[in-house]
Amino acid sequence: MAAPGARGSSLAGLLPAQTSLEYALLDAVTQEEKDSLVYQYLQKVDGWEQDLSVPEFPEGLEWLNTEEPISVYKDLCGKVVILDFFTYCCINCIHVLPDLHALEHAYSDKDGLLIVGVHSAKFPNEKVLDNIKSAVLRYNITHPVVNDADASLWQELEVSCWPTLVILGPRGNMLFSLIGEGHKDKLFLYTSIALQYYKDRGQIRNHKIEIKLYKDSLPPSPLLFPGKVTVDHVSNRLVIADTGHHRILVVLKNGQIQYSIGGPNPGRKDGVFSESTFNSPQGVAIRNNIIYVADTENHLIRKIDLEAEMVSTVAGIGIQGTDKEGGAKGEEQPISSPWDVVFGTSGSEVQRDDILWIAMAGIHQIWALLLDSGRLPKKNELQKGTCLRFAGSGNEENRNNAYPHKAGFAQPSGLSLASEEPWRCLFVADSESSTVRAVSLRDGAVRHLVGGERDPMNLFAYGDVDGVGMDAKLQHPLGVTWDKKRNLLYVADSYNHKIKVVDPKTKNCTTLAGTGDASNVITSSFTESTFNEPGGLCIGENGQLLYVADTNNHQIKVMDLETKTISVLPVFRPENAVVDGPFLGEKQKTLPKLPKSAPNIRLPPVAASPGQTLQFKLRLDLPSGTKLTEGVPSCWFLTAEGNEWLLQGQIPSGVIESISSQPAISLQIPGDCLSLEAVLSISVFLYYCSTDSNACMMKGIMFSQPLQITSAQPGCIAPVELKYVF
């Protein structure tokens, strides 16, 4: 059949034929009819005198997940190929990845299928290969990816939208294009029939494409792309969304893991901690031993009860939703890619934390989940469990408006609450518009704070400029946190690799930390230290410390806002974790060794019976003119060499935060004792410095407590005091 007119290599050449096919498919009823229509379409397209051929990949492009660069007309000859034009910041591109994963699971290269990601960057930061490597890891992309940094293939094919999928036949001939997300059924239909059609003609080859996964070259790490972090101000703990490991960590301030929930693989399961799973969780919020989690790629809000050690689902159905109004009960309400969560209070003046605000990145809106019956601004009374839109039209825009439903967001990814007057607002990191916005909690009005420009449709007004209001420029900010002590807002300016600070009164935005280089340099100076796409941050210690999820460095960094120093939180697992999923092959953290000069004080033997609890009270004194070193965790830990059974189920270590208020250490004698004699060792490390901070020291001491296990029931045992003067 003659080709219908001249053809270039752009996607426009497919449009007339594919449009006719898609109209015909609307009238098809059975699967057989649909299959037949696609088969007939392929006969037509394959019969054109001239193929609508895709250009060869330009030489010199950088590739990931392959042994070497791939050629369309050498390596991919005999394959049905899907080109995925994507940019890793785009939520719509992220939504397509599960469809591609499912397709790869159904068909392999031996079946004749290969997917190639063509990364065509929106932001300058996304052109850098190392940043694309991080995205390939973060989203578990296992097919080849080419960095088309100058968008040469994008421009030759006249691609106009992220994401765009282009399906090629075995000669590099273009067959179909799918623009945007939500085309899983068509993707599977077109691909399966294309494989069948060309197999019938003997044009499919089963040769293997050599894949070398980038992730296989990396060493294990305690954290993998941590997305968000928050502080539990009551229990002195941090909650970390360990996004790349698909788990939630609850850690003490010294970095010791108390709970590890979920991971290492993605999943969607409620229940006890050891069985529960998440899929790339992001935002976390904690109150009263309850953690709420934005389980992003499961499209769920999950609830973690630390006392009951249970995980449950409170919003979402596990499938990406398209509803932009909401109003159903949480567990019946479809939602889309929640990225952050923060507590708020309904109409009452009393702080009740009865609302969970949600940054719904997938549909560009701010939603609310009612944790108790209450009222949103300008809304009637709502029942507990209701999940609904609060602000945002659902259009991807940078539009501010006095009417919340007429405002537009572009992938809101970070939230922070300023509940006090005169602010009374939610601050929003609106990543794709590169702005920070504020949503009034009085009437829902959405206003601009910094970044972007006046045209609400321009989502390319990004940069790295300190300034006031729209004169300031950001690049894809993912996190914000409010410092009520100073009335300042801290911003994770993610693609600029910086932490910035905004005065909402003056709209002045300045760089607080980071050079703009994507690296991992830690110095004594904020401005000389570096980050790599920080995704979240939170304030702790009454405004003294700023915790930063330095996502692509796989770290939590600790910024002391008073001393202007920065350090890394050493996340580690104790020997006896309270509850845990697999720890991902990380080497067990060895306990620190006491200096050889450390004294070993042997205590008088103590008789105790099974089930009885012993208590040890630390009574340590520092030299005069010294104090514990801030930001460095002094600690204690228990060992029982040769009698490790003694420590089963115990809390084996802890921190010492203050010399004036030293902890008591408890040990319950197990019910089943394997020996009648044992020695318990209590080791203590103290880090202290002179009050002028000119000199810092580390000292250690060990107390050895012999135990005699007896079946007799002795009277109450007085606490053992562990005294020492350094």
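Guide: A nonpolar core is a set of buried Ala, Val, Leu, Ile, Met, Phe, Trp, Tyr and Cys residues joined through side-chain atoms within 4.5 Å. Buried means under 20% relative accessible area, with a 1.4 Å probe and protein chains only. This is a predicted model: local features need pLDDT of at least 70, side-chain atom pairs count only at pLDDT 80 or more, and totals for chains, interfaces and linings use all residues. Residues are numbered from 1 along each chain as its sequence is written, and side-chain values use heavy atoms, leaving out hydrogens and water.

Visitor: Which residues touch the most other members of the largest nonpolar core?

Guide: F57 and L83, out of 77 residues. Helix α6 (residues 184-200) gives the largest share, 8 residues. Helices (H or I, at least four residues) and strands (E, at least two) are DSSP runs, numbered from the N terminus.

Visitor: What does F57 touch, not counting residues up to four places away in sequence?

Guide: Among its partners are W63, I70, L83 and V118. Contact means heavy atoms within 4.5 Å.

Visitor: What makes β23 and β26 edge strands?

Guide: Two strands pair if DSSP finds at least two bridges between them. The open sheet runs β23-β24-β25-β26, with antiparallel pairing. β23 (412-418) and β26 (446-451) each have a single partner strand, so one side of each lacks a neighbour in the sheet.

Visitor: Why do β24 and β25 count as a pair?

Guide: Because pairing needs at least two bridges, and 6 bridges join β24 (residues 425-430) to β25 (residues 435-440). F427 stands opposite A438 in β25.

Methods. Buried < 20%, exposed > 50% of the residue type's maximum accessible area, 1.4 Å probe, protein only.
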